[in-house]
Amino acid sequence: MMNILIQTIANVSHFLKQKVLFLSICVFFIISLTGCRTEQIQFSVRDSLVLESTLSEEPQLEIPLETDSSTQESKHDTIEPTIAMIMVNGTLYYDTGKESSITARCGVMDGQIISTVSEDETPTQDGQSNFGYVGCNYQYGLSGTIEVYMDDTWRVFEQKTDNTTSTKQVEMQVITYTDGIVTLFIENHSEQEYIYGENFSLEKENHVGEWETVLWPDGYAWHDIAYVLPAFDSCEIEHNLSIFGTLPSGNYRIVKDELSAEFIISD
């Protein structure tokens, strides 16, 4: 009986050792799996960070600017502004940016724009502009200018001259005033011809020394004629002031373009 008990205990002990060994192997296996998983997770996180870093460091497509601001300013400084020009009778006339002051105008036109070139070109033919408006009329204006009818206004164009040949070298004075007729003397001291027309304005000095324009009678109009005064030449012209009616005594002046001449009307 004792032998059976001892044998049973030995069998149980052997079974328990196998169980313990089995459990130890299982625990080791589980721990091994857990370690591998942790390593895999850590590796995945590290790979993710490396991938994100790689993407962020990828060179971006950059569109180069044409010019920087300093280059643009430099270009702007070297480009001359475009000026509207028209050629009439072989002469270039440049836009002054001014509207005509002529209020009474002849209905006969002196010509019209018949062709045009681009705004960065210079006209080379008569009746050609670099601002379009083909078909628009033009007339000779004051002091040898050309006036072009565009956008419901008469725009003034003039020749380019140097400072030594300006209208300041043209002088005008009143010689006589008799029976409503004023006689003017115009002398051209410049090297260029001076062109003038029949038009003029009459002004009277008021009591505070200011010049006031004497109004024209209704319906009065000028003949559209251009007169040429050659270089270093002079002439006399007359204007009939009786069209203004009876003028009271006082100080007056005749104004033709940039020229003016004063005279006195007495009782």
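Modeller: In this predicted model, a residue is called buried when its relative accessible area is under 20%, exposed when that value is over 50%, and partly exposed in between.

Biologist: What makes the contact of Glu-203 with Arg-253 a salt bridge?

Modeller: The closest N and O atoms of Glu-203 and Arg-253 are 2.6 Å apart, and since a side-chain nitrogen of Arg has to lie within 4 Å of a carboxyl oxygen of Glu, the pair forms a salt bridge. This pair links distant parts of the chain, with Glu-203 in strand 12 (residues 201–205) and Arg-253 in strand 16 (residues 250–256), 50 residues apart.

Biologist: How do you know that Asp-95 and Arg-155 meet in a salt bridge?

Modeller: Their side chains come to 3.0 Å, N to O, and the cut-off is 4 Å, therefore this pair is a salt bridge as well. Here, too, distant parts of the chain are linked, as Asp-95 belongs to strand 2 (residues 91–99) and Arg-155 to strand 8 (residues 153–158), 60 residues apart.

Biologist: What makes Cys-235 buried?

Modeller: The relative accessibility of Cys-235 is 17%, and because buried means under 20%, Cys-235 counts as buried.

Methods:
Residues are numbered from 1 along each chain as its sequence is written. This is a predicted model: local features need pLDDT of at least 70, side-chain atom pairs count only at pLDDT 80 or more; totals for chains, interfaces and linings use all residues. Side-chain values use heavy atoms; hydrogens and water are left out. Buried means under 20% relative accessible area, exposed over 50%, partly exposed in between (1.4 Å probe, protein chains only). Helices (H or I, at least four residues) and strands (E, at least two) are DSSP runs, numbered from the N terminus.
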